[in-house]
Amino acid sequence: MRSNCLFCDRPLKGRIDKKYCDESCRNSFNNRRNSIDQSIVRKINNILKQNRRILEELLGKLDYKKIKKDQLQKKGFDFTYLTHTYETKKNDLYHFVYEYGYLILEDDWILIVSRKKNEENSNID
């Protein structure tokens, strides 16, 4: 049971389970909460999009390409963010940003690949 509005903190009148003074406070409260949530999601999505663009740019029209890890880092690639992983039958673990993936190799080498929508045509496995 709350005695003050969640948005403006004014005393509430009416029903005992009331949370807001009026529709304006309810809308303002929800808009503020949603904008904070959306800000976090937007930030993560922007990092994922940037990572995808970097992989796409480096791979070009090739099916796969081997590069040094620092080349990705110099372009601003953030290894913290990915969309999913895929483990092959050979137990290789690919990290994916949407349809572009990479495999971490020895001596700071990275193998960049592109996964086709149809997994049968994939250049992985």
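A salt bridge is a side-chain nitrogen of Lys or Arg within 4 Å of a carboxyl oxygen of Asp or Glu. Keep that in mind as you work through this predicted model.

**Exercise 1.** Find out how far apart the closest N and O atoms of glutamate 57 and lysine 75 are, and which parts of the chain the pair ties together.

*Solution.* 
- Step 1: The closest N and O atoms of glutamate 57 and lysine 75 are 2.7 Å apart, and the two residues form a salt bridge.
- Step 2: Glutamate 57 belongs to helix α1, while lysine 75 sits in the loop between α2 (69-74) and β2 (84-87), so their pairing ties together parts 18 residues apart in sequence.
- Step 3: Glutamate 57 has 53% relative accessibility and counts as exposed, because exposed means over 50%. Lysine 75, at 39%, is partly exposed.

**Exercise 2.** Work out how arginine 26 and glutamate 23 are placed in their helix.

*Solution.* 
- Step 1: These two residues form a salt bridge, with 2.4 Å between the closest N and O atoms.
- Step 2: Both lie in helix α1 (residues 23-59), and because they are three residues apart, about one helical turn separates them.
- Step 3: Arginine 26 is partly exposed at 31% relative accessibility, and glutamate 23 is partly exposed at 49%.

**Exercise 3.** Decide whether aspartate 70 and lysine 74 are each exposed or partly exposed.

*Solution.* 
- Step 1: Start with the contact: their side chains meet in a salt bridge at 3.9 Å, N to O.
- Step 2: Aspartate 70, with a relative accessible area of 36%, is partly exposed, whereas lysine 74, with 71%, is exposed.

Terms used. Residues are numbered from 1 along each chain as its sequence is written. This is a predicted model: local features need pLDDT of at least 70, side-chain atom pairs count only at pLDDT 80 or more; totals for chains, interfaces and linings use all residues. Side-chain values use heavy atoms; hydrogens and water are left out. Helices (H or I, at least four residues) and strands (E, at least two) are DSSP runs, numbered from the N terminus. Buried means under 20% relative accessible area, exposed over 50%, partly exposed in between (1.4 Å probe, protein chains only).
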